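Reader: I am new to reading protein models, and I would like a close look at a single part. Could you take me carefully through one place and the contacts around it?

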Amino acid sequence: MARHLWLYAAACGVVRGTKEVVLSKARVYVEEGGVGAYTVVLSEAPSADVVVSMAIGDDSLLKFLSGSSVTFTTSDWATPQAVDVKAKMNSDDSGLLFTDVSVVHASTSSDGDYDGGSASFVASDTVTVRIYDDDSCVRDCAPGTYYDAC
């Protein structure tokens, strides 16, 4: 398992010896009513529990299925934890093919390296969820045409 985590972390650009929060994806794609997922893991063992909380930019469009935080302990820090999101269903045609919603992450811990402003995220602390409008007539437009032409 440790080798697998090291390979995973190396692929994400983690520098060994640096305590960072690793998000497995920068972008998740879902259709209205659909479910998407990504994982969160720590790059190094913490000296105390680490809580990574998530906040949705527009909760009228997206919700968490797995809760709005994950907690890592000194014994399970290397086990990726899933974050499941569900795009809310509506019957509106927004006139857009998709809408992007940000999920911003923050960590708190008595381990100073993982606490608040001291916490470091690999690449970014944000996952963008792209929600495709399943009611949009844009999806039915011929390539090269515009929404008004549909």
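Author: Arg130 counts as buried, because its relative accessibility is 16% and the cut-offs are under 20% relative accessible area for buried, over 50% for exposed and partly exposed in between, with a 1.4 Å probe and protein chains only. This is a predicted model, in which local features need pLDDT of at least 70 and side-chain atom pairs count only at pLDDT 80 or more, while totals for chains, interfaces and linings use all residues. Residues are numbered from 1 along each chain as its sequence is written, and side-chain values use heavy atoms, with hydrogens and water left out.

Arg130 forms a salt bridge with Asp100, where the closest N and O atoms are 2.8 Å apart; the term stands for a side-chain nitrogen of Lys or Arg within 4 Å of a carboxyl oxygen of Asp or Glu. This pair links distant parts of the chain, since Asp100 lies in strand β8 and Arg130 in strand β9, 30 residues apart; helices (H or I, at least four residues) and strands (E, at least two) are DSSP runs, numbered from the N terminus. Asp100 also forms a salt bridge with Arg27, with the closest N and O atoms 3.5 Å apart, and this pair links strand β8 to strand β2 across 73 residues. Asp100 is partly exposed, with a relative accessible area of 36%, and Arg27 is partly exposed as well, at 29%.

Arg130 has a further contact, for it lies over the face of Phe98, at 3.7 Å from the ring centre; a charge sits over a ring if NZ of Lys or CZ of Arg is within 6 Å of the ring centre and within 35 degrees of the ring normal.

The strands named here belong to an open sheet of five strands, in the order β2-β9-β8-β4-β6 and with mixed pairing, where two strands pair if DSSP finds at least two bridges between them. The edge strands are β2 (27–31) and β6 (69–72), each of which pairs on one side only. Five bridges join β2 to strand β9 (residues 126–132), and these two strands run parallel. In β9, Tyr132 is the bridge partner of Glu31.
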